[in-house]
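Open the structure in your viewer and keep the selection panel at hand. The stops below each name a selection and then say what is there.

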Amino acid sequence: MEEKIIETKERPFEFEGEGLGERSIAIPEELSLLPIKDTVLFPMVVMPLIVSRESSMRLVDDAVVSDNRIIALATLKDPSIEHPQFSDIYEVGVAAAIHTMLRLPEHQRLIVQGLKRVKFTQCVQNDPYIRVKVEEMPEIRDWTDVEEVEIEALRRNVGSAFQKVVALSPAMPDELQNIANSITKPGVLADTIALHLPIELAEKQMLLQTPGTRERLRSLLAILIREVEVLELGSKIQSQVHSEMGKMQREYYLREQLKAIHRELGDGDERSVEVEELKTKIAEARMSEEADKEANRELERLRHMSPSAPEYTVSRTYIDWLVSLPWETYTQDNLDIRQVHEVLNEDHYGLDKVKDRILEYLSVRKFKQEGETRHPILCFTGPPGVGKTSLGRSIARALGRKFVRMSLGGIRDEAEIRGHRRTYVGALPGQIIQNIKRSGSHNPVLMLDEIDKVGTDFRGDPSSALLEVLDPEQNSSFRDHYLEVTFDLSKVMFITTANVLDTVLPPLRDRMEVLEIAGYTEEEKLEIAKRHLIPKQLEEHGLKKIKHISFLKEGILELIRGYTREAGVRNLERQIASMCRKAAREFAEGRTKPVKINKAQVHTYLGAPRHTFEELADRTSEPGIAVGLAWTPVGGDVLFIEATRMEGGKNLTITGQLGEVMKESAQAALSYVRSHAVELGIASNFYAKSDLHIHVPAGAIPKDGPSAGVTMVTAIASLLSARKVRPRLAMTGEITLRGKVLPVGGVKEKVLAAHRAGVETIIVPKENRKDVDEDVSQDVRNEIKFVYVEDVAQVLQEALLPKEEKIGRRRS
């Protein structure tokens, strides 16, 4: 088809006046409506159009041959509509004149110029194209002469902001910046800039529908400021990206040059050298077959990976961990039983059970020549300060093994045991693998300290993770989450410590061999102070034993009895350190005569004793008070139970922050006394008009357990029969309503507490005799009289003194 260009030969459109939009052309009341997509035409603006819709092409043909060539243009609300109706078009558009039309085979090309804003009031025709009635929307001068300066300022700001947008936007030609300088009329400037801005159609339509010049300028300025901010931010981001890309390209270029230099020198490139070094380390590490296969697989990945890739460091770190583990590095155990025994005795006094267990293990190792010997997993449990942690270090020294310690107190994350998976940033193996690497040996002594203080939260349960670690049947194939290969832990000697076993997971407790370290006797503390504590503190304070200070036996015993009542020796060491500091100060101030630490000197340095043996005699000097024995997580303790009677009516009050079991023991004790009142010389109706009050002092400390039953019976019987309890006598045991005395636990701790408090006689259930004979040292048994009982009658017969005679009573 032949192409034709049709130009208008009639007179051009002329506009009169210098005001806003005063035009000589009249707009007909009815116009043909041409829907347009993806753009908005503004008054006084010339714009090219392409028309391809059949109905629209017919509309243009008819308009070109008409007298005025004026049509209406409006934007489609939805550009995807192929056959628009009147309702699919915005209600405000532009009356425009067709200047040029180029007819092509498939479409038409137009150059149109907007004339005036018009509002479509009614559709008068739909076929073959839409015709509508229009109403002109004249330009509104919405400012006064006084506000002319504000309009000029708005015009200049709009022009300046548009120039910034053109400068920052790569899609807009620089020639558009001239618009701001060439157009002086505010309304025309606003419409022209709005046409060329790359903003949403809805915003352009909003500007078209705003007839007021000042309002349109303000809206346009807000849009321009936003576009400037967006473009500046985009330019900043693009600049940063270009900078990073330039840096990477520069590094790549330099790296390639370095490779070329290495090739010329015959050295090979840096990455190849690094890969070869890792390959040599893998071969020398003597890993397991599985670990060797995984290390070589990861090395092959590393070989084809760029050093700048994030995964490169992850793979390199993983291989470093594999090759640094002591897969086949062992220390030779010292199997000289006598020498091991000497080392253990040198480091610790007493603790015979633990020492015997280590010597038994070494004896089996020495005797069994073939096969593997299962390592014991020991758990040292006892109060603080008895030497559990230092004992593990001593065992490692005696065996000739490396020693590493891991504190489990407060650990709540299961990954601390098993490690993190390599998918996490900064992932590392668990503490078990880390400590083995730190030791440099495959068979160290690994101490898991404070295993009873492991916590649990949303990150997992570390106690459950320890089940595999501390199980000899499973730990030979321990798999850390980071390594993802098995590591044999069966060669490691695990030693755990705990103050109490109640908080330890029962399956975990079942995997360990529990060795109780109850506490030290007075004689043991005396020897520990002489052999270990005093020499250590003298060295730390720069004192010489003969020249500056010497501790006499009576002084050390006074420290133990009057200033430290504990199961361990930590407070004793603190008191010794305190005396050394005071002596050092005296020498620093000019003293020359050596200091002898006797009983009087202890009082001079430390003040009055904190604990006295007279407390037992003073507090049991009247009926209704008995001394019991209690077990605590930090050792045993002495417990006073007081009973008093008052007028009332069958009420029993129990105070002292007691638990339910202890309250039930008090009820059982009262029931026994009421049922045996006649036998005890008590009026059978004593409870009818009386109230009883049982109190256990130290009310701020919670107390519970059944072992105070015999003590409560004794206190109540002593009160009601007016018979005092024997001085320096203590007791422990559970009672039944029939008067039987049942065995209790913690006998050793209770006996040591009684010994520290100066008790001379202890009443113990008969079934606990074996515990006394096995656990209590001969020295303590020689100093304390043990009375073994089966029922309450025996307890009262031994505990209560004969009733005192009243003054003035006739004698026969």
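Begin by colouring this predicted model by pLDDT. Among the elements of the protein, strand β1, residues 4–7, has the lowest mean pLDDT, at 45, while strand β24, residues 761–765, has the highest, at 94. For the protein as a whole the average pLDDT is 83, and 93% of the residues score at least 70.

Now select residues 1–23, where pLDDT stays under 50. For this stretch the model has 53 contacts beyond four places in sequence. Then select residues 805–812, whose pLDDT is below 50 as well. That stretch has zero contacts in the model beyond near neighbours in sequence.

**A helix pair: α2 and α4**

Select residues 148–168 for helix α2 and residues 186–196 for helix α4. The two axes are 10 Å apart and the packing angle is about 25°. Angles under 35 degrees count as roughly parallel, so α2 is roughly parallel to α4. The crossing of these two helices is left-handed. To see the contact, show the side chains of Ile151, Arg155, Val158 and Phe162 in α2, which meet Pro186, Leu189, Ile193 and His196 in α4. By class, the residues of this contact are six nonpolar, one polar and one charged.

Go next to helix α17, residues 522–540, and helix α18, residues 553–562. Their axes come within 10 Å and cross at roughly 115°. Here the crossing is right-handed. On the α17 side, display Glu522, Lys525, Leu526, Ala529, Lys530 and Ile534. On the α18 side, the contact is made by Lys553, Ile556, Leu557, Ile560 and Arg561. The residues of the contact of α17 with α18 divide into six nonpolar and five charged, with no polar ones.

**The five-stranded sheet**

In what order do the strands of the open sheet of five strands run? The order is β9-β10-β13-β8-β14, and the pairing is parallel. Select β9 (403–407) and β14 (513–516) to find the edge strands, each of which pairs on one side only. From one strand to the next, the twist averages 20°.

Inside this sheet, pick strand β10, residues 445–449, and strand β13, residues 493–498, which run parallel and are joined by four bridges.

**Two backbone details**

Most residues other than glycine have a negative phi, and most peptide bonds are trans. The last two stops depart from these patterns.

Select Glu450, in the loop between β10 and α15 (462–469). Glu450 is not a glycine, yet its phi is positive, at about 60°.

Finally, select Asp127 and Pro128, which are joined by a cis peptide bond with an omega of about -5°. Where is Pro128 placed? Pro128 is in the loop between β6 (108–125) and β7 (131–137).

Definitions and conventions. Residues numbered from 1 in each chain as written. Predicted model: local features only at pLDDT ≥ 70, side-chain atom pairs only at ≥ 80, totals over all residues. Heavy atoms only, no water. pLDDT = per-residue confidence, 0-100. Contact = heavy atoms within 4.5 Å. Axes fitted to C-alpha atoms, helices over the stretch in contact; angles between N-to-C directions. Parallel < 35°, antiparallel > 145°, perpendicular 65-115°, else oblique. Left-handed = near helix turned anticlockwise from the far one by under 90°. Nonpolar A, V, L, I, M, F, W, Y, C, P; charged D, E, K, R; others polar. Pairing = 2+ DSSP bridges.
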